[in-house]
Amino acid sequence: MTELVGVQKTLSPVLKAKALDNRLPDPILGDEYAERTMRRLDPGYDKGRFGTSQLGLAAVVRAKAHDDWARSFLAGHPEAVVLHLGCGLDARVYRIDPPATVDWYDLDYPAVITLRQQMLPPREHCTLISSSVTDLTWLEQIPRGRPLLMIAEGLVPYLTETELRRLLTSVVETFPTGGIQFDTVSVWAWRTSKWDPTLRRYGTRFRCGFDDPAALADWHPRLEYVDEAPMNDSPLLTAKAPANVRRVYRLLNLLPGLKRSTAIVRFRF
């Protein structure tokens, strides 16, 4: 099986959270692909003391927010092009199941795309691109002149502010109209990420953070902030998470720094 390194390995805990969500009586995301893929990636992923812990459900809420926004955008733009950046092993294109009029592009590092080809079936009108997100020559492969939706789940914190600015401005200047949705972390979460045990385990850290991500709209005159979706304080967690997980998040949300440590935001242009 393809070996992943550094930040590429962070796809595993997110995929595990989605797999465990699918085992709930009333799942948030309900992603059968995640459960099957996680089992193939790590047959014993649900073993051990915390093997079936649902503490990762906030990441599932994040994925659901991105899915819901994407469905809304495609309902109004059935001829759109979708850029799913840092796609990892996420089955978003299968969950959303866009019409054949939509051209979908899943992009990630070459090693991740190779693993994706091993784990997930091919799909018509879905093209895999093996590239670093920051090597913007991949934009040359994307058809122009159509509405564009850019989705970046769990990606932006690993970019520098300069890399993010270049990505956003390049997308806005390349396409006539569209939507951009991503999640980012606060300045506090960025600066303390060097001590985060999960990130240390994978030998990586965050490289940017924003306390007011809406202000990123100032980076380009055509870019406009739309809104934000809840994550750590999402009503979905209250409604669907097991009682012990709800208690943990209720306590965490008493700390303003943790409650707002991640923001899920969308823009239009």
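Select Ser-186, which sits in the loop between strand S5 and helix H7 (187–191). Helices (H or I, at least four residues) and strands (E, at least two) are DSSP runs, numbered from the N terminus. The model is predicted: local features need pLDDT of at least 70, side-chain atom pairs count only at pLDDT 80 or more, and totals for chains, interfaces and linings use all residues. Residues are numbered from 1 along each chain as its sequence is written, and side-chain values use heavy atoms, with hydrogens and water left out.

Is Ser-186 buried or exposed? Ser-186 has a relative accessible area of 6% and is buried. Buried means under 20% relative accessible area, exposed over 50%, and partly exposed in between (1.4 Å probe, protein chains only). Now show the contacts of Ser-186, where contact means heavy atoms within 4.5 Å. Not counting residues up to four places away in sequence, Ser-186 touches Gly-209, Phe-210, Asp-211, Arg-260 and Ser-261.

**The sheet**

Next, colour the strands. Seven of them form an open sheet of mixed pairing, in the order S3-S2-S1-S4-S5-S7-S6. Two strands pair if DSSP finds at least two bridges between them. Strand S3 (126–130) and strand S6 (224–229) are the edge strands, each pairing on one side only. From one strand to the next, the twist averages 20 degrees. Strands of a sheet pair through backbone hydrogen bonds, either parallel or antiparallel.

Select S4 (residues 148–152) together with S5 (residues 178–185): these strands pair in the parallel sense over five bridges. Within this pair, Leu-148 stands opposite Gly-178 in S5.

How many bridges join S5 to S7? Seven bridges join these two strands, which run antiparallel. Ile-180 is found opposite Phe-267 in S7. S6 and S7 also run antiparallel, joined by five bridges, and there Asp-227 stands opposite Arg-266 in S7. With S7 still selected, switch to a display of accessibility: five of its seven residues are buried, so S7 is mostly covered.

**Helix H3 over the strands**

Show helix H3 (residues 57–76). H3 lies across strand S1 (81–85), strand S2 (103–108), S4, S5, S6 and strand S7 (262–268). Relative to S5, H3 runs at about 170 degrees. Axes are lines fitted to C-alpha atoms, for helices over the stretch in contact, and angles run from 0 to 180 degrees between N-to-C directions.

**Helix H5**

Move to helix H5 (residues 110–119) and display its side chains. Which residues of H5 are buried? They are Val-112, Ile-113, Leu-115, Arg-116 and Met-119. These residues cover an arc of only 160 degrees around the axis, which puts them on the same side of H5. The arc is that of the directions from the helix axis to the C-beta atoms. An α-helix has 3.6 residues a turn, so residues three or four places apart point the same way. To see what the buried residues of H5 pack against, select helix H1 (11–21), helix H2 (32–41), helix H4 (92–96), S2 and S3.

**Loop residues**

Asp-97, in the loop between H4 and S2, has a phi near 50 degrees, a positive value in a residue other than glycine. His-125, in the loop between H5 and S3, has a phi near 65 degrees, again positive in a residue other than glycine. Most residues other than glycine have a negative phi. At 38% relative accessibility, His-125 counts as partly exposed.

Thr-134 lies in the loop between S3 and S4 and is partly exposed, with a relative accessible area of 30%. Leaving aside neighbours within four places in sequence, Thr-134 is in contact with Leu-159, Glu-163 and Arg-166. For a distance to draw, pick the C-alpha atoms of Thr-134 and Lys-18: these residues are 116 residues apart along the chain, and the atoms are separated by 27 Å.

**The whole chain**

The C-alpha trace spans about 50 × 40 × 35 Å along its principal axes. Of the 269 residues, 51% count as buried.
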